[in-house]
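Trainee: Hi! Could you walk me through the pockets and the surface of this protein?
Mentor: Happy to, let's have a look together.

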Amino acid sequence: MKPTELLQILHTAEHLKDVTRHAYTSGRRHESVAEHSWRLSLMAHFLRHEFPEADMDKVITMGLIHDLGEIFTGDIPTFLKTDAHRETEDDLLARWVASLPAPYGDEMAALYEEMNALETLEARIYKALDKLEAVIQHNESPLDTWSDNEYSLNLTYATDTVAFSDYLTALRAAIREETEEKIARGK
């Protein structure tokens with residue numbers, strides 16, 4: 001890859017630092033998509049020993065690229081995102097990925113296909129961590145930043161996604177416990 005091609009990719013990806021998510025940080029600032037992707041990838045790094053049979057480098061890469069489509073569409077909270085939103089984001093992302101130099105475009109397209117199919121262990125781990133990271137972030141944000149539907153959502157979100165793993169199911173239970181404590185404290 002030419003240095004100028006790499007720079008163009010990095011300039012495009014930089015936009016995720018400015019795309020904010022629905023969630024807030026513990027310091028009362030909107031979280032960026034880049035921050036969410038970073039911590040999801042960090043989670044995968046720390047779970048290497050829990051999933052020795054998985055290619056955790058692939059899971060980390062999935063975490064890093066999973067929301068690149070939001071460069072073009074912004075972040076829409078899961079409870080507001082429609083199929084039309086998903087189609088637009090997928091189309092714009094696919095066009096950008098197809099424009100990447102070889103072999104990166106083909107590699108990323110294959111990863112997105114694997115991630116969307118959710119059939120491999122790596123894709124299931126990535127998807128579970130994506131959802132768990134969002135719930136953890138909500139637990140870290142001030143309760144007055146939550147929308148009304150997030151009280152129940154934070155108690156149930158990702159429960160089905162983690163069911164394939166005893167470890168992730170236990171992690172989800174611990175996160176739920178934190179949610180219940182947060183709601184009981186009222187802050």
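**Pockets and a surface patch**

Mentor: Let's start with the second largest pocket, which holds about 460 Å³ of space. Keep in mind that this is a predicted model.

Trainee: Which residues are closest to the centre of that second largest pocket?
Mentor: Ile9, Ala13, Ile65, Leu68 and Met108 are the closest, out of 19 residues that line the pocket.

Trainee: And which helices supply its lining?
Mentor: H1, helix H2 (33-46), helix H3 (56-65) and H6 each supply at least two residues.

Trainee: What classes of residue are in that lining?
Mentor: There are 16 nonpolar, two polar and one charged.

Trainee: OK, how much space lies in the largest pocket?
Mentor: About 1000 Å³. Its lining has 38 residues, and those nearest the centre are Asp67, Glu70, Lys81, Lys127 and Asp130.

Trainee: How do the residues of that lining divide?
Mentor: Into 17 nonpolar, eight polar and 13 charged residues.

Trainee: Switching to the surface: which residues form the nonpolar patch?
Mentor: Met1, Leu6, Leu7, Leu10 and Tyr104 form it, and together they have about 460 Å² of accessible area.

Trainee: Which helix gives the most to that patch?
Mentor: Helix H1 (residues 3-13), with three residues.

Trainee: Why does Leu7 count as partly exposed?
Mentor: Because its relative accessible area is 45%, and partly exposed covers the range between under 20% for buried and over 50% for exposed. You'll find Leu7 in helix H1.

Terms used: Residues numbered from 1 in each chain as written. Predicted model: local features only at pLDDT ≥ 70, side-chain atom pairs only at ≥ 80, totals over all residues. Heavy atoms only, no water. Patch = residues over 30% accessible without salt bridge, like charges linked within 9 Å, V, L, I, M, F, W, Y side chains within 5 Å. Areas by Shrake-Rupley, 256 points an atom, 1.4 Å probe, with all protein chains shown as cover. Salt bridge = Lys/Arg side-chain N within 4 Å of Asp/Glu carboxyl O. Helix = DSSP H or I, 4+ residues; strand = E, 2+ residues; numbered from the N terminus. Buried < 20%, exposed > 50% of the residue type's maximum accessible area, 1.4 Å probe, protein only. 1 Å grid on protein atoms, 1.4 Å probe; cavity = no way out; pocket = protein on both sides within 12 Å on 5 of 7 lines; lining within 4 Å. Points joined across faces, edges and corners; volume = space filled by probe spheres on them. Nonpolar A, V, L, I, M, F, W, Y, C, P; charged D, E, K, R; others polar.
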